[in-house]
Amino acid sequence: MRIAVLQFSHETVTFLPNDTTREDFIYPGSPAGGEALLATDPKGYMGGFVQVAREYDDVELIGITSPLWPRTGTGSGWVTQDAYEHFLGVMIKELKAQPALDGVYLALHGALAVRGVPRPEADIARRVREVVGREAFISATFDPHGNEDEAFLEHADMAFCVKYFPHYDMHLQGERAARMLVRAIRGSFRPVHRSLRIPILAPTVVMWTGASPWSDLVQRALIWEAREPDVFVNVFFGFPWSDVPDAGMGLQVLTHDDPELAERVLLDMADWIWRRRKALLETVKIHTMEQGVVLAREAVTAGRAPVVLADYSDRSGYATWLLQEIIAQSCERTLIATIASPEAIRAVLAAGARPGDVFDAEIGGLFDETAGEPVRITGTIRDIRAATNRRGMGSETVCVSFGNGNVLVLSSYLVQIIEPSELWQLGLKPDEFDIIAIKSRVHFRRGFDDSGFAPTILLVEPPKPFMGTVHLEALPYENLTLKDYYPYGNPRFQPEEGGDS
């Protein structure tokens, strides 16, 4: 049983001014093929898929040379057509050189946005299908922040989407993709699906599945999967920072040769979502930067530290709005992690600086209007190191001590701190800080909220409706019309009108 494995993933913020180029996907370890590709992301989709696939003695996995996530992470805009065609061309060429394949696994995201390609994941599936033919089965995994309509499953057979945000079940969905692909090849699972788009466009900061009503939505999908054998429910929350025509929420239901059941589950889920649409968009309290810092200081005084200040809106990593407010209110024992300042980092490295040396430079800002103005920081270099992030990409960091017990972490790109351990790996210590200021929307809850680490969590936003704003009407959409989506218009939606087979 021969199964090819490919990956092409990116969560594309199309409103950023810097395109994601071919060079952004090329760094030590990327592209990866063969065993190197199969060994990537052991706790994620790929790890789950490979682990289960290799539990079958008669399965051979063929790692097709694929780009890993770009070095810029989510801090870059449209993927250029040159980059897309180059890497997809390499993958298709290798596929064509393979003997007959029984199956293909696609490690995707769902919010890949490519200039000139309206639905890139569906295009990938279409071009893979042209090579492997109709007899082979195609299975895929997705992030819930995908913008997926019925197009992908017109060419692929199966899709398995993460349910939780933060994404706890990536490995599980990879396991499912492998198990059901093997069953389909053997003939014990005959995939039938129904899909439906729901005209709701929501900012990602409201989508935390650790609280109602998003937790209720996930639970409803899980109940259907528990009560009906071989039913799989994919809920795509959508990714509004990609200006693409299929943005918004979507549903896919997969069954074993039972289209009527797929339709019943689909319509039940769609009806529940549409009835709860107002509640789904009103789940979090967001403060201004000024209010947030005031509340953080009060929480420290009241003994409710450490406090997390989460700047949910920074999409470039360069934003200095929160740092400015922390300085203006003379905060102490505050950790700011991180602000993207590649030029400042390069200057430190070029000067041969060491811990203990004086640091005096402008950092952050100027990337675009959403980043604010640069801030001059005078202090002492505490640490310089090359870090390896969760995707295995190298990135230098510089830690600077300033003020009264404050530490600023400079990074090369946007970094979302998800686990406190990521900070302690930089030589920082938990008992040094009362306030921790990070750039994250929901992912940080994994390590700071769900773990009980931070008694106080405050979401903050800058003074204007910038890039990652909850005020989506402030963004210059060109490929979709906001009034076609709730809450920006009054779209007609009747779930009983059904989906596509």
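Predicted model: local features only at pLDDT ≥ 70, side-chain atom pairs only at ≥ 80, totals over all residues.

Trainee: What does the pair of phenylalanine 8 and phenylalanine 87 tie together?

Mentor: Phenylalanine 8 belongs to the loop between strand E1 (2-7) and helix H1 (34-38), while phenylalanine 87 belongs to helix H3 (residues 81-96). The pair therefore ties together parts that are 79 residues apart in sequence.

Trainee: Are phenylalanine 8 and phenylalanine 87 buried or exposed, and how do you know?

Mentor: A residue is buried if its relative accessible area is under 20%. Phenylalanine 8 has 1% and is therefore buried. Phenylalanine 87 has 4%, so this residue is buried as well.

Trainee: What makes phenylalanine 15 and tyrosine 477 an edge-to-face pair?

Mentor: Their ring centres are 5.2 Å apart, and centres within 6.5 Å pair. The angle between the planes is 85°, over the limit of 60 degrees, so the pair is edge-to-face. Phenylalanine 15 lies in the loop between E1 and H1 and tyrosine 477 in the segment after strand E17 (456-461), so parts 462 residues apart in sequence are tied together. Phenylalanine 15 counts as buried at 15% relative accessibility, and tyrosine 477 does so at 13%.

Trainee: Why is the charged end of arginine 277 said to sit over the ring of tryptophan 274?

Mentor: The distance to the ring centre must be within 6 Å, and the direction within 35 degrees of the ring normal. The charged end of arginine 277 sits over the ring of tryptophan 274 at 4.1 Å from its centre. The charged end of arginine 277 also sits over the ring of tyrosine 486, 5.3 Å from the centre.

Trainee: Which residues touch the most other members of the largest nonpolar core?

Mentor: Among the 54 residues of that core, they are Ile198, Leu217, Val235, Met269, Ile273, Leu335 and Phe448. Helix H7 (residues 259-275) gives the most to this core, with 9 residues.

Note on methods. Residues numbered from 1 in each chain as written. Heavy atoms only, no water. Helix = DSSP H or I, 4+ residues; strand = E, 2+ residues; numbered from the N terminus. Buried < 20%, exposed > 50% of the residue type's maximum accessible area, 1.4 Å probe, protein only. Phe/Tyr/Trp six-rings, centres within 6.5 Å; stacked < 30°, edge-to-face > 60°. Core = buried A, V, L, I, M, F, W, Y, C linked by side-chain atoms within 4.5 Å.
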